[in-house]
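Subject: Structure handover

Hello,

Please find the structure we spoke about below. My notes come after it.

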Amino acid sequence: MKHLSYFLVILILLLSNSSFGNDLEVCKSCPYKSITEAVEKAAPFDTIYVKEGTYYEFNIEITKALTIIGENNPVIDGQNKGEIITIQADNVTIDGLTIVNVGTSYTTDYAAVRVVKSENFLLQNLKLKRLFFGIYLEKSNNGKVLNNTIIGDAVQEYSSGNGIQLWHCRNVEVRGNKIKKVRDGIYLEFSDEIIISENNSSENLRYGLHFMFSNHDTYINNIFANNGAGVAVMFSKFIIMKNNTFKKNWGSASFGLLLKEINDSEITHNSFEENTVGINVEGSNRVNYTHNDFKNNGWAVKVRGACYYNVFEKNNFLYNSFDVSYNSRINDNKFDGNYWSNYTGYDLDKNGIGDIPYRPVKLFSFIVNRTPETIILLRSLFIDIIDFSEKVSPVFTPDNLLDENPLLKPISHD
Amino acid sequence: MLKILKYSFFDLMRSRWSYVYFLFYLLLGVVLLFLNNDLSKAVITLMNVIIILVPLIGTIFGVMYYYSSREFTELLLAQPVKRSSIFLGQYFGVALSLSLSLIIGLGLPFVFYGIFKSAAIWDFSLLLITGTFLTLIFTALAFIIALANENKIKGFGYAILLWLFMAVIYDGLFLMSLIYFENYPLDKFSLIATMFNPIDLSRVLILLKLDISALLGYTGAVFQKFFGTSLGLIISTGMLALWVAIPIGIIYRMVKRKDF
């Protein structure tokens with residue numbers, strides 16, 4: 001009986017909720033001709049349907065719980081005049097709009113959609129083009145940003161904005177977005193417990209993903225390709241990066257992944273392909289690198305110093321010009337049970353583990369660190385000879401840096 | 001000239017050495033592909049072979065052929081044939097038969113492996129092209145050495161020395177000068193120094209395909225321009241062609257003036 005009453009109460013609540021909101025329509029021949037007008041007149045929990053057409057509007061301020069749904073790709077053209085949609089209320093949903101021509105300013109960060117101090121927002125299926133900032137979340141929690149397409153036309157770093165920016169947010173899900181040609185694809189600052197998954201962030205001017213001072217965040221199944229400087233993660237703790245692909249980040253200051261002051265994190269099952277530097281590590285401690293593939297990179301892992309207690313286990317290092325590079329003789333990191341395509345040892349007892357340890361740091365990588373122009377001598381016979389003599393008796397490279405159990409066959413990670 | 005070329009070519013094609021050379025490459029290709037089972041790794045190993053062994057064999061073979069066919073050359077010189085066509089004919093005979101051994105020897109196993117369907121076809125053809133260039137260059141250099149030295153032992157000595165210098169010593173000196181002058185801007189210097197050694201030049205040409213990601217790691221604008229655009233490819237190929245043309249020109253001049 002008690003259960004039944006609960007059930008009834010919930011049913012009534014649900015029914016009242018659905019009958020609570022009214023539907024409003026916006027189109028050329030509808031009672032509401034503009035979205036601004038409809039938003040003003042709507043009561044909380046109403047649903048606004050925006051029909052096909054182009055609407056020249058900006059500064060649409062949403063201060064009550066509304067659902068705005070675009071039907072047949074309606075376009076909101078901001079005519080470069082400023083911000084387009086600002087949300088300052090909880091429980092707002094925006095779905096299926098195309099927003100173009102966000103104003104560019106050097107003093108204000110105009111965004112296509114900005115969410116300010118709100119909860120439970122849902123932004124999905126939006127198409128943003130010719131923008132300054134795309135989606136800007138500010139001190140907002142418990143929301144979702146799903147399946148949006150953001151295509152910018154950034155040329156200069158100083159006159160362009162970020163695709164999705166989170167500032168002081170908590171518990172937000174960013175999933176399935178496509179971001180191209182903006183400054184930073186996804187940018188996080190002071191944002192915790194964020195889940196970023198299945199996004200594709202490519203061809204951005206600076207970073208595909210960039211975050212600072214953001215802890216306990218998770219990154220899964222993302223693709224970061226062809227970005228100006230790859231992905232940069234800085235000053236954060238307890239990060240999980242899994243199943244991401246970092247590829248073709250080429251250039252002198254370009255990395256697949258740049259880690260600076262990252263502690264207590266997990267980097268697993270990622271793939272790093274054809275980057276100038278696969279992972280550039282600086283001042284990072286207690287990070288576990290397992291089951292990653294490093295393929296055809298210039299440098300698979302570049303360790304810059306102040307890195308302690310990191311563990312590299314069960315990774316595949318395939319055809320990189322340099323596997324690991326150090327700029328000092330001190331090593332406090334552990335390399336164990338990886339596959340190295342450059343390994344030349346043997347396995348007499350047939351247990352799949354090489355009998356002689358592998359030294360991933362070559363003398364030549366030390367020389368290139370000192371005099372970068374020497375890179376032109378890569379793979380020369382003379383270099384092979386000096387590398388060999390260094391391998392026999394390490395003088396310049398850390399002598400305790402070795403993989404005691406190098407595998408003979410590449411690992412298939414699953 | 002064509003007749004002499006044809007004669008030298010078929011003479012060499014019948015000789016044991018061509019077969020040994022051909023079989024060596026065939027074996028190398030088969031072992032690399034079917035024991036390794038990985039195309040990327042095979043191409044890297046192949047590059048080492050091509051930039052080290054091809055010049056060595058070209059030099060030794062060129063010198064050897066010149067000395068061993070000396071009597072026949074003298075016989076030809078008594079005939080009303082142009083001098084340049086005798087020697088150039090011989091040179092091209094040697095160089096072509098060596099190149100053919102290389103291309104067929106390495107090509108066959110790769111064709112059976114299915115290179116035409118693989119994405120590595122361009123890397124592979126680049127390898128064969130640089131290999132052919134190196135054969136042409138080093139055979140010509142060998143002919144120059146042999147023409148300049150009547151003494152066989154001396155000729156062989158110089159030929160080995162030439163190879164050792166180009167393959168190893170040059171890079172050692174190069175590296176030392178780069179480290180010694182590291183406080184100066186060195187991009188132009190290092191690119192130009194590469195141009196003066198055909199082995200380095202071919203190495204860089206192949207690196208442009210294999211290790212482009214590492215090469216782009218350096219900040220210098222000259223390097224960026226050279227490696228980042230097709231400029232590097234064009235200049236390197238042009239320089240290799242020049243490296244063939246100049247020694248042939250020298251042979252041409254030498255045989256005109258030489259007193260037999």
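Conventions

This is a predicted model, in which local features need pLDDT of at least 70 and side-chain atom pairs count only at pLDDT 80 or more, while totals for chains, interfaces and linings use all residues. Residues are numbered from 1 along each chain as its sequence is written, and chains are lettered from A and ligands numbered from 1 in the order in which they are written.

Chain B

Chain B has 12 helices and 0 strands; here helices (H or I, at least four residues) and strands (E, at least two) are DSSP runs, numbered from the N terminus. The radius of gyration of chain B is 20 Å, close to the 18 Å that the globule rule gives for 260 residues, so chain B is as compact as a globular protein of that length. That radius is taken over C-alpha atoms, and the globule rule is 2.2 Å times the number of residues to the power 0.38. Along its principal axes, the C-alpha trace of chain B spans about 60 × 45 × 30 Å.

Of the 260 residues in chain B, 41% are buried. A residue is called buried if 20 or more other C-beta atoms lie within 10 Å of its own, exposed if 12 or fewer do, and partly exposed in between, with C-beta atoms placed from the backbone. Among the contacts in chain B with a separation of 6 or more, 83% come from residues 24 or more positions apart. A contact requires that the C-beta atoms of two residues, placed from the backbone, lie within 7 Å.

One helix pair deserves a note. Two packed helices are described by the angle between their axes and the distance between the axes. In chain B, the axes of α1 (residues 2-14) and α5 (residues 83-113) come within 7 Å and cross at roughly 35°. Axes are lines fitted to C-alpha atoms, for helices over the stretch in contact, and angles run from 0 to 180 degrees between N-to-C directions. The crossing of α1(B) and α5(B) is right-handed, that is, the near helix is turned clockwise from the far one by less than a right angle. Residues making this contact include I4(B), L5(B) and F9(B) of α1(B) and I86(B), G89(B) and F92(B) of α5(B). By class, the contact of α1(B) with α5(B) has 9 nonpolar, 6 polar and no charged residues. Ala, Val, Leu, Ile, Met, Phe, Trp, Tyr, Cys and Pro count as nonpolar, Asp, Glu, Lys and Arg as charged, and the others, Gly among them, as polar.

Where the chains meet

The contact between the chains takes 30 residues from chain B and 28 residues from chain A. On the side of chain B that touches chain A, two or more residues each come from α3 (39-68), α7 (152-180), α8 (187-195), α9 (198-210) and α10 (212-215). The most come from α7(B), with 8 residues. This side of chain B divides into 16 nonpolar, 8 polar and 6 charged residues.

Chain A

Chain A holds an open sheet of 12 strands with parallel pairing, in the order β4-β7-β10-β13-β16-β19-β22-β25-β28-β31-β34-β37. Two strands pair if DSSP finds at least two bridges between them. The edge strands, each pairing on one side only, are β4 (60-62) and β37 (322-326) of chain A. Neighbouring strands of this sheet are turned by 10° against each other on average, direction ignored.

Within the sheet, β34 (residues 299-303) of chain A has 5 of its 5 residues buried, so it is largely enclosed by the rest of the structure. Strand β31 (residues 277-282) of chain A pairs with β34(A) in the parallel sense over 4 bridges, and N280(A) stands opposite K302(A). Another 4 bridges join β34(A) to β37(A), which run parallel; there, V301(A) has V324(A) as its bridge partner.

V361(A) lies in the loop between β39 (339-340) and α3 (363-370) of chain A and counts as buried, with 26 C-beta neighbours inside 10 Å.

D77(A), in strand β6 (residues 75-77) of chain A, counts as partly exposed, with 18 C-beta neighbours inside 10 Å.

Regards
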